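Me: I would like to go through a structure with you. Could you take my questions one at a time?

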Amino acid sequence: MKLGGDEGRVHSRTIYVGHKSCPPNEAFIPPKFCDNRIVSSKYTVWNFLPKNLFEQFRRIANFYFLIIFLVQVRNNL
(Lines give C-alpha, C1' and ligand atoms only; values in the text may rest on other atoms or scores of the structure.)
Protein backbone atom coordinates (compact mmCIF):
# COMPACT_ATOMS: atom_id res chain seq x y z
CA MET A 1 0.00 0.00 0.00
CA LYS A 2 1.50 3.31 -1.07
CA LEU A 3 0.59 6.51 0.75
CA GLY A 4 1.67 9.42 -1.41
CA GLY A 5 4.23 9.41 -4.10
CA ASP A 6 7.53 10.20 -2.40
CA GLU A 7 8.74 6.78 -1.13
CA GLY A 8 11.84 7.03 -3.33
CA ARG A 9 12.68 10.56 -2.18
CA VAL A 10 15.20 10.96 0.63
CA HIS A 11 14.57 13.79 3.02
CA SER A 12 17.37 15.22 5.12
CA ARG A 13 17.01 17.70 7.89
CA THR A 14 19.18 19.23 10.54
CA ILE A 15 17.87 19.71 14.05
CA TYR A 16 19.59 22.17 16.37
CA VAL A 17 18.82 21.68 20.06
CA GLY A 18 19.42 24.68 22.27
CA HIS A 19 20.87 26.61 19.35
CA LYS A 20 20.49 30.34 19.61
CA SER A 21 21.11 32.60 16.68
CA CYS A 22 24.11 34.85 17.09
CA PRO A 23 23.79 38.64 16.77
CA PRO A 24 25.39 39.79 13.50
CA ASN A 25 28.09 41.89 15.20
CA GLU A 26 29.42 39.03 17.41
CA ALA A 27 31.32 35.90 16.47
CA PHE A 28 29.65 32.58 17.22
CA ILE A 29 31.55 30.62 19.88
CA PRO A 30 30.35 27.01 20.10
CA PRO A 31 29.65 25.78 23.66
CA LYS A 32 32.26 23.58 25.29
CA PHE A 33 31.01 20.23 26.47
CA CYS A 34 32.55 18.01 29.11
CA ASP A 35 34.67 15.08 28.06
CA ASN A 36 32.63 11.89 28.25
CA ARG A 37 35.41 9.37 27.69
CA ILE A 38 35.26 6.29 29.88
CA VAL A 39 38.52 4.99 31.30
CA SER A 40 38.30 1.50 32.75
CA SER A 41 41.99 0.84 33.28
CA LYS A 42 43.33 0.59 36.80
CA TYR A 43 46.82 1.87 36.03
CA THR A 44 48.36 4.60 33.91
CA VAL A 45 51.99 5.09 32.96
CA TRP A 46 52.42 7.55 35.82
CA ASN A 47 50.78 5.65 38.67
CA PHE A 48 51.69 2.03 37.85
CA LEU A 49 54.61 1.65 40.25
CA PRO A 50 53.06 3.32 43.35
CA LYS A 51 49.67 1.63 42.96
CA ASN A 52 51.18 -1.75 42.20
CA LEU A 53 53.51 -1.60 45.21
CA PHE A 54 50.64 -0.54 47.44
CA GLU A 55 48.46 -3.41 46.19
CA GLN A 56 51.27 -5.93 46.72
CA PHE A 57 52.38 -4.84 50.17
CA ARG A 58 49.02 -4.30 51.76
CA ARG A 59 48.84 -8.08 52.03
CA ILE A 60 50.69 -9.13 55.18
CA ALA A 61 52.30 -12.21 53.57
CA ASN A 62 53.98 -10.15 50.85
CA PHE A 63 55.21 -7.64 53.42
CA TYR A 64 56.62 -10.54 55.50
CA PHE A 65 58.56 -11.91 52.51
CA LEU A 66 59.92 -8.43 51.77
CA ILE A 67 61.28 -8.20 55.32
CA ILE A 68 62.84 -11.69 55.03
CA PHE A 69 64.40 -10.69 51.70
CA LEU A 70 65.88 -7.50 53.18
CA VAL A 71 67.33 -9.37 56.17
CA GLN A 72 68.97 -11.95 53.90
CA VAL A 73 70.41 -9.32 51.58
CA ARG A 74 71.83 -7.43 54.56
CA ASN A 75 73.46 -10.59 55.93
CA ASN A 76 75.15 -11.35 52.59
CA LEU A 77 76.78 -7.93 52.36
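Reply: The answers below go from the overall make-up to individual residues.

Me: What kind of model is this, and which pLDDT limits apply?
Reply: This is a predicted model, in which local features need pLDDT of at least 70, side-chain atom pairs count only at pLDDT 80 or more, and totals for chains, interfaces and linings use all residues. Residues are numbered from 1 along each chain as its sequence is written, and side-chain values use heavy atoms, with hydrogens and water left out.

Me: How many helices and strands does the chain have?
Reply: The chain has two helices and zero strands. Both kinds of element are DSSP runs numbered from the N terminus, with helices (H or I) of at least four residues and strands (E) of at least two.

Me: How much of the chain counts as buried?
Reply: Of its 77 residues, 1% count as buried. Buried means under 20% relative accessible area, exposed means over 50%, and partly exposed lies in between, with a 1.4 Å probe and protein chains only.

Me: And what area does the chain expose?
Reply: The chain exposes about 8500 Å², and carbon and sulfur atoms supply 61% of that area. Accessible areas come from the Shrake-Rupley method with a 1.4 Å probe; for residues, only the protein chains shown count as cover.

Me: Which residues form the nonpolar patch on the surface?
Reply: Among them are Phe48, Leu53, Phe57, Ile60, Ile67 and Leu77, and the patch has about 1200 Å² of accessible area together. Patches are made of residues with over 30% relative accessible area and no salt bridge; like charges are joined within 9 Å, and nonpolar side chains (Val, Leu, Ile, Met, Phe, Trp, Tyr) within 5 Å.

Me: Which elements give two or more residues to it?
Reply: Those are helix H1 (48-57) and helix H2 (60-76). The largest share, seven residues, comes from H2. Ile67 lies in helix H2, and Ile67 is partly exposed, at 38% relative accessible area.

Me: Changing topic, how many aromatic pairs are there?
Reply: The structure holds two aromatic pairs. In one, Tyr43 and Phe48 are edge-to-face, at 5.3 Å centre to centre with 75° between the planes. Rings of Phe, Tyr and Trp (its six-membered ring) pair if their centres lie within 6.5 Å; planes under 30 degrees apart count as stacked, over 60 as edge-to-face and the rest as tilted.

Me: How exposed are Tyr43 and Phe48?
Reply: Tyr43 is partly exposed, with a relative accessible area of 26%. Phe48 is also partly exposed, at 41%.

Me: And the other pair?
Reply: Tyr64 and Phe65 form an edge-to-face pair, 5.4 Å centre to centre with 65° between the planes. Phe65 counts as exposed, at 54% relative accessibility.

Me: How many salt bridges are there?
Reply: The count comes to two salt bridges, a salt bridge being a side-chain nitrogen of Lys or Arg within 4 Å of a carboxyl oxygen of Asp or Glu. Arg37 forms one with Asp35, the closest N and O atoms being 2.8 Å apart. Arg37 is exposed at 68%, and Asp35 is exposed at 52%.

Me: What does Glu55 pair with?
Reply: Glu55 forms a salt bridge with Arg58, with the closest N and O atoms 3.3 Å apart. Arg58 is exposed, with a relative accessible area of 52%.

Me: Is Glu55 buried or exposed, and what does it touch?
Reply: Glu55 is buried, with a relative accessible area of 17%, and lies in helix H1. Not counting residues up to four places away in sequence, Glu55 touches Lys42 and Tyr43, where contact means heavy atoms within 4.5 Å.
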